[in-house]
Amino acid sequence: MQPDDLSKLDLSILRELQRDASQGQKELAERLGASPSTIWRRVNDLEAAELISGKVALLNAERVGFPVCVFVFVDLLRHEQSIRAAFERFVQETPQIMECFSVTGAHDYTMIVRTRTVAEFEHLLMEKILGHPSVRAATSQIALRQQKYSTALPI
């Protein structure tokens, strides 16, 4: 299933689930004016086509004790596949790294890191990130305030 193959109902389902994935099939059906069986079938089809990759609860990072948000820009030592693979394994194994992107431009990777304190971030940066054998350099910017956060794609 490609994006162009999506019906108006499919798009409505995706928008609703992005807004609130905890609503049940019956409630979703009522909201969208369709039968629960139709909604169930379409949601299953969207999941099978991997347009829906999972359903999670989004936590308030500050309220659960992770108020420090840092953007980290990483430069690798070299660009060989084995170096990149080693760094990407490290990223997958480090829970404080919330997101990581291979990027164009001045750096090789951009990461979003969440920690409890600036001291905890400093330890992660100095000991683990900069201490990793694949990393040549890293710079960081601590977020002062978040103006927008959304997980909803504008479909």
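Analyst: Let's start with a term: a salt bridge here is a side-chain nitrogen of Lys or Arg within 4 Å of a carboxyl oxygen of Asp or Glu. Keep in mind that you're looking at a predicted model.

With that rule, a search of the whole structure turns up seven salt bridges. One of them joins the side chains of Arg31 and Glu16, at 2.8 Å from N to O. Arg31 sits in helix 2 (residues 25-32) and Glu16 in helix 1 (residues 8-19), so this pair ties together parts that are 15 residues apart in sequence. Arg31 has 45%, so it is partly exposed, while Glu16 is buried because it has 16%.

Here are some others. Lys55 and Glu47 form a salt bridge with their closest N and O atoms 3.4 Å apart. Lys55 is partly exposed at 44% relative accessibility, and Glu47 is partly exposed at 32%. In the salt bridge between Arg78 and Glu80, the closest N and O atoms are 2.8 Å apart. Both ends are again partly exposed: Arg78 has a relative accessible area of 40%, and Glu80 comes in at 37%. There's also a network, with Asp10, Arg42 and Asp45 linked by salt bridges.

What does Asp108 have instead of a salt bridge? This residue is buried, and the nearest side chain of opposite charge, Arg136, is 5.8 Å away. The cut-off for a salt bridge is 4 Å, so that gap is over the limit. What Asp108 does have is a polar atom of its side chain 2.6 Å from the backbone nitrogen of Leu76. As for where to find it, look in the loop between strand 2 (97-102) and strand 3 (109-115). Setting aside neighbours within four places in sequence, Asp108 is in contact with Val74, Asp75, Leu76, His79, Phe101, Ser102 and Val103.

Val74 leads us on to the nonpolar side chains. The largest nonpolar core has 19 residues, and the ones touching the most other members are Val72, Val74, Phe87, Met111, Val113 and Ile129. Several elements each supply at least two residues of this core: strand 1 (68-76), helix 4 (81-93), strand 3, helix 5 (118-129) and strand 4 (135-142). Strand 1 gives the largest share, with five residues. Elsewhere there's a second, separate core of 10 residues, including Ala29, Ile39, Val43 and Ile52.

What does Phe87 touch, leaving out residues up to four places away in sequence? The list is Val74, Leu76, Cys100, Tyr109, Met111, His132, Ser134 and Val135. Leu76 is the residue whose backbone nitrogen lies 2.6 Å from the Asp108 side chain, and here Leu76 turns up among the contacts of Phe87. With 0% relative accessibility, Phe87 is buried.

In one, Phe87 and Phe90 are tilted, 6.1 Å centre to centre with 45° between the planes. They are three residues apart in helix 4, which means about one helical turn separates them. Phe90 is buried as well, at 10% relative accessibility. The other pair is Phe87 with Tyr109, tilted too, at 4.8 Å centre to centre and 45° between the planes. Here Phe87 is in helix 4 and Tyr109 is in strand 3, so the pair ties together parts that are 22 residues apart in sequence. Both of these residues are buried. Put together, Phe87, Phe90 and Tyr109 form one aromatic cluster.

Last stop: from Phe90, step over to Thr94. The backbone oxygen of Phe90 lies 2.7 Å from a polar atom of the Thr94 side chain. Thr94 is in the loop between helix 4 and strand 2, and Thr94 counts as buried because its relative accessibility is 8%.

How values were computed: Residues are numbered from 1 along each chain as its sequence is written. This is a predicted model: local features need pLDDT of at least 70, side-chain atom pairs count only at pLDDT 80 or more; totals for chains, interfaces and linings use all residues. Side-chain values use heavy atoms; hydrogens and water are left out. Helices (H or I, at least four residues) and strands (E, at least two) are DSSP runs, numbered from the N terminus. Buried means under 20% relative accessible area, exposed over 50%, partly exposed in between (1.4 Å probe, protein chains only). Lys and Arg count as positive and Asp and Glu as negative; His and the chain ends are not counted. A polar contact is a pair of N or O atoms within 3.5 Å; within protein, one must be able to donate a hydrogen and the other to accept it, and residues adjacent in sequence count only if both atoms are side-chain atoms. Contact means heavy atoms within 4.5 Å. A nonpolar core is a set of buried Ala, Val, Leu, Ile, Met, Phe, Trp, Tyr and Cys residues joined through side-chain atoms within 4.5 Å. Rings of Phe, Tyr and Trp (its six-membered ring) pair if their centres lie within 6.5 Å; planes under 30 degrees apart count as stacked, over 60 as edge-to-face and the rest as tilted.
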